[in-house]
Amino acid sequence: MIGQTLGHYRIESKLGEGGMGVVYKAFDTHLDRPVAIKVLPPEAVANAERKRRFVQEAKAASALNHPNIITVHDIAMADGADFIVMEYVAGKTLDACIAHKGLPLAETLKYVVQIADALAKAHAAGIVHRDLKPANIMVTEGGLVKVLDFGLAKLTERDEQDDRTLTLDRAPRTEEGMIVGTVAYMSPEQAQGKKIGARSDIFSLGSVLYEMLTGQRAFQGENRISTLAAILNQEPQPVSQIAPTVPRDLEKVVSRCLRKDPDRRFQTAADLKVALQEIKEESESGQLAGPAVGTPPRRRVSAPAIAAAALLVAVAAGATWWLMRPRTHEPGKELVLTRMTSDSGLTTDAAISPDGKLLAYASDRGNEDNLDIWVQQVAGGQAIRLTHDLADDHLPTFSPDGSKVVFRSERAGGGIYIVPALGGDERLIAKGGDRPRFSPDGNWIAYSIGYGLRAARIYIVSSAGGEPREIKTQLPWAIFPIWSPDGRYLLFWGSTNPIGLGADWWVAPWEGGQAVQTGAAAVFDRRGLTRGPATMASDWSGDHIIFSASLGDSTNLWRASISPKTWQVSESPQRVTTGSGQEPTASVAVDGRLVFADLNGALGLWTLRIDANGGKVLGKPEPLTQGRADNLRPSLSSDGKKLVFISNRAGNPDVWIRDMKTGKETALTATAGAEWNPFITADGSKVAYALLTQGKSVIYTINASGGVAEKLCDDCGRPMDWSPDGRGILYWWGQPVRYSAIDVASRQRVDVIHHPKYNLHRAR
C-alpha cells in the first residue's frame with residue numbers, strides 16, 4: 001500500500017504488524033500532519049468478530065484523553081479497507097528498548113509510572129486494555145510513554161449498579177472461554193478464558209515491569225501451551241535473583257502484581273501508580289532502601305493495632321531464611337549466611353532436622369491467605385507442601401530421626417498435629433497447645449496451653465498419641481518448653497505470678513521435681529535486652545541456650561551459657577546475628593548449623609466494606625496505605641470522608657490526614673516528639689492527639705485543614721474519643737488506667753470512670 005491514498009491519507013511507510021492489522025505511517029493531506037494508520041487485512045474484514053473488536057478499539061481509545069495514551073483521530077473506510085487514524089509517535093517500542101539485562105532503574109521507574117497512570121485513566125473510564133505488552137508501549141526520544149492498541153479492550157460494567165442505573169456494555173462481551181491477548185503477558189484468569197477486569201491489566205503490567213527490571217519474561221515456555229501452564233501454576237524466578245540491585249520495595253510491588261489470585265494484587269491501577277511514584281521519588285532523592293538481598297534496613301515493627309470501624313491494621317511481612325555455620329564463632333572466622341527462600345509473602349517459623357538435611361517452615365506461598373507447613377532439602381530443590389488446611393498451620397519441629405514434623409494448627413479450635421516429613425496424612429495428637437517439641441528420644445512431645453491467660457501450663461503427650469499429662473512445675477504460669485539435650489529436663493518461661501508478671505527462665509525435671517529459677521531475666525535486664533516473650537528460648541544445644549531478644553530497634557538471636565549443675569545463666573550473653581530485622585526463633589542441627597527467619601514488615605491501614613444495615617462483610621480487605629512505613633491508629637470521620645492516623649514515613653511518628661475520596665495524604669504535625677492516639681471529630685473538622693515528649697503526654701488539638709496546634713492540657717494522658725458534638729474529649733491517664741473528660745473551651749475536667757484495682761481500656 002506504500003504510495004497509495006486512503007481517503008485523504010497518503011501511505012508513506014510500514015511501521016509494524018500485529019494480530020489486529022498492519023500499521024503504516026501516513027500523511028494527512030487535509031491537516032498537513034503525519035499520522036499512524038492501522039488497516040485491517042482484506043481477508044479479515046469478513047470476520048465479524050474481528051471487525052467488531054477493531055471498531056471497539058477506536059471507540060474505546062477515542063474516549064480517552066491522556067498524555068500517555070495514543071490519541072485517536074478518526075475511524076473510516078475507503079477503497080474497501082477499514083482503518084483507524086492515530087497520532088504518529090516518533091520513537092521505539094518498549095520491547096526494542098529493553099536490553100537483555102533490563103533497563104536502568106531510573107528509566108524503568110520513569111516509564112512504569114506513566115504506564116500505570118495511563119491504565120488508571122482507562123480503568124476509570126471502564127476500559128480494560130487486555131493486551132498490555134512491551135510491543136504495545138511506545139517510548140519517545142524524550143522519554144514520554146504512549147500506550148497503544150486497545151484492539152482487545154473491553155468496556156466493563158461499573159461496580160455500583162442498581163435497577164435504575166444498570167446499563168449494558170457498548171459492545172457485546174467476549175464469550176467466556178475465549179482466550180484473547182498475547183500469551184506471555186496474560187493474567188491467569190485471562191489464560192483460562194474467564195471474565196476479566198482491571199486487575200488483569202495489573203498482572204500484565206507486573207509482567208512488563210518484571211521484564212524491564214530483569215531483561216527476561218516472567219513466564220516463558222517452549223510453546224504457547226507450556227507458557228500458559230507456567231502462568232497458571234508456577235511462580236516466576238524472584239527478581240532479586242536475576243537483578244540483585246533492584247530495591248526490595250520494588251520487588252515487592254512486582255510480586256504483588258503477579259499474584260495468581262486477583263484479590264491479592266493491587267486492586268486499582270491508581271493504587272499501583274501511587275506505590276511506584278513513591279519508590280521513584282525515594283530513588284531520586286537517594287532515600288530508597290537497598291537491594292532485596294543483603295542486610296535489610298533498620299525498621300521497627302510495632303505491636304499489631306486493633307481494627308477500628310471498617311478499617312483494619314495488619315502486619316505485612318517478607319521473610320528470609322538463612323543457614324549459618326559454624327555455630328561457635330571463632331576469632332578470624334566469618335559466619336556464612338545462605339539465603340534459603342525468597343518468597344514475597346510471609347515465610348517464618350524456621351526448623352532444621354537434627355541431621356541438617358531438611359528445612360521446615362510455615363509460609364503463605366500457597367496463595368490461599370493462610371500459613372501451611374512446607375519442607376525442602378538444605379541442598380536445594382523444590383519445596384514440598386505438607387499441609388493444605390485453610391486454617392493456619394505453623395511452628396513446625398522435626399522428630400529426632402527427621403521422619404516426622406509436629407506443628408501447631410488453628411483448625412477446629414487449635415491443636416498439635418504430626419505429619420510425615422515427606423508428605424502424608426496429618427494426625428491430631430493433642431487439642432490446644434502451642435510450640436510443640438519432640439523429646440531427644442522421640443517418644444514425647446512437650447507443649448504449653450494458656451499463653452496470655454491465667455494458669456498457663458506445660459503438658460507432654462506420647463508421640464504415638466494418647467492422654468496428655470501436665471508437668472508439675474510447682475509454678476502457676478509456665479509456657480514454651482524446650483528439652484535439655486539429654487532429655488531429662490525442660491527449660492521454660494515461667495512465673496510465680498498467675499498471669500506471668502516477672503517471668504524468667506526456669507528448669508524442671510519433666511518426670512516431676514522442684515523447678516529452679518535460672519536468673520536469666522536479671523542478666524537480660526543488666527545487658528539491656530528486652531524482657532518478656534521476646535526473650536523466649538528457641539533451642540538448647542550443649543551448655544548453651546539460643547534465644548531471641550530485642551536490643552534497640554532490632555530483634556536478634558543470642559546465645560547464653562547455662563550451668564548443668566546449678567542451672568544458672570552466665571552474665572555474658574553473646575549476640576549470634578546482627579540483622580536489623582526481626583528474628584523471633586531459631587533451630588539448631590546436631591552439627592551446629594542454625595536456621596532462622598529474618599522478618600521485615602510494616603503496619604498498614606486496610607479497608608473492609610460492610611453492609612451498613614445488616615453488617616454483612618462485602619468482599620475482602622483491601623490495602624489503604626502502601627510503602628515500608630508504619631501506618632496505624634486510624635480514626636474516621638462519621639461521613640467517611642476524612643481519616644487521621646499515625647505514620648512514621650517522615651522518620652518520626654506524626655499525625656497524617658487522608659482525603660478518602662481523592663486519596664491525598666497530608667502531614668498535620670511534624671515535631672521532634674512522637675504523636676500518638678489521633679482522633680477526629682464526627683464532623684471531620686478537628687483532630688485531637690497526644691504528644692509524647694520528655695516522659696510527658698500532652699494533648700493538643702488542630703484543625704483538620706491544618707494550621708497551628710493548640711495545647712489543651714499538660715501531662716494529662718492520651719485522648720480516646722471526642723464527644724458527638726465536638727465540645728469535649730475523653731482521655732485516659734494514671735495507673736491503674738482511668739478516664740476523665742475535658743471541655744475544650746473552658747478546660748474544665750471531670751473524672752468519668754475508674755476502678756481501684758483494674759485498668760480500663762477502649763472507653764468511648
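Cys 713 is buried, at a relative accessible area of 5%, where buried means under 20% relative accessible area, exposed over 50%, and partly exposed in between, with a 1.4 Å probe and protein chains only. The structure is a predicted model, in which local features need pLDDT of at least 70 and side-chain atom pairs count only at pLDDT 80 or more, while totals for chains, interfaces and linings use all residues. Residues are numbered from 1 along each chain as its sequence is written, and side-chain values use heavy atoms, with hydrogens and water left out.

Cys 713 is joined to Cys 716 by a disulfide, with an S to S distance of 1.8 Å; a disulfide is a pair of cysteine sulfur atoms within 2.5 Å. By this rule the count is one disulfide. The link of Cys 713 and Cys 716 is right-handed, with 70 degrees about the S-S bond. Cys 716 is also buried, at 2% relative accessibility.

Another buried cysteine is Cys 257, with a relative accessible area of 2%. Helices (H or I, at least four residues) and strands (E, at least two) are DSSP runs, numbered from the N terminus. Helix H8 covers residues 248-257, and eight of its 10 residues are buried, so the helix is largely enclosed by the rest of the structure.

**Salt bridges**

A salt bridge is a side-chain nitrogen of Lys or Arg within 4 Å of a carboxyl oxygen of Asp or Glu. By this rule the count comes to 25 salt bridges.

| Pair | Closest N and O atoms |
|---|---|
| Lys 273 and Asp 117 | 3.5 Å |
| Lys 620 and Asp 263 | 3.4 Å |
| Arg 526 and Glu 571 | 2.5 Å |

In the salt bridge of Lys 273 with Asp 117, Lys 273 lies in helix H9 (residues 269-285) and Asp 117 in helix H3 (residues 105-124), so the pair ties together parts that are 156 residues apart in sequence. Lys 273 is partly exposed at 26% relative accessible area, and Asp 117 is partly exposed at 24%.

In the salt bridge of Lys 620 with Asp 263, Lys 620 belongs to strand E36 (residues 617-623) and Asp 263 to the loop between H8 and H9, so this pair ties together parts 357 residues apart in sequence. Lys 620 is partly exposed at 40% relative accessibility, as is Asp 263 at 30%. Both residues also take part in a network of salt bridges that includes Arg 199, Asp 261, Arg 264, Asp 364 and Asp 369.

In the salt bridge of Arg 526 with Glu 571, Arg 526 is in helix H10 (residues 520-527) and Glu 571 is in the loop between E32 and strand E33 (574-575), 45 residues apart. Arg 526 is exposed, with a relative accessible area of 55%, whereas Glu 571 is partly exposed at 47%.

**Strands**

Two strands pair if DSSP finds at least two bridges between them. Strand E22 (residues 434-438) pairs with strand E23 (residues 444-449) in the antiparallel sense over three bridges, and Phe 438 stands opposite Ile 445 in E23. The two strands form a hairpin with five residues between them, and Gly 442 in the turn has a positive phi of about 80 degrees. E23 is also joined to strand E24 (residues 457-462) by six bridges, again antiparallel. Here Ser 448 stands opposite Ile 458 in E24.

Strand E32 (residues 554-561) contains Arg 559, which is buried at 12% relative accessible area.
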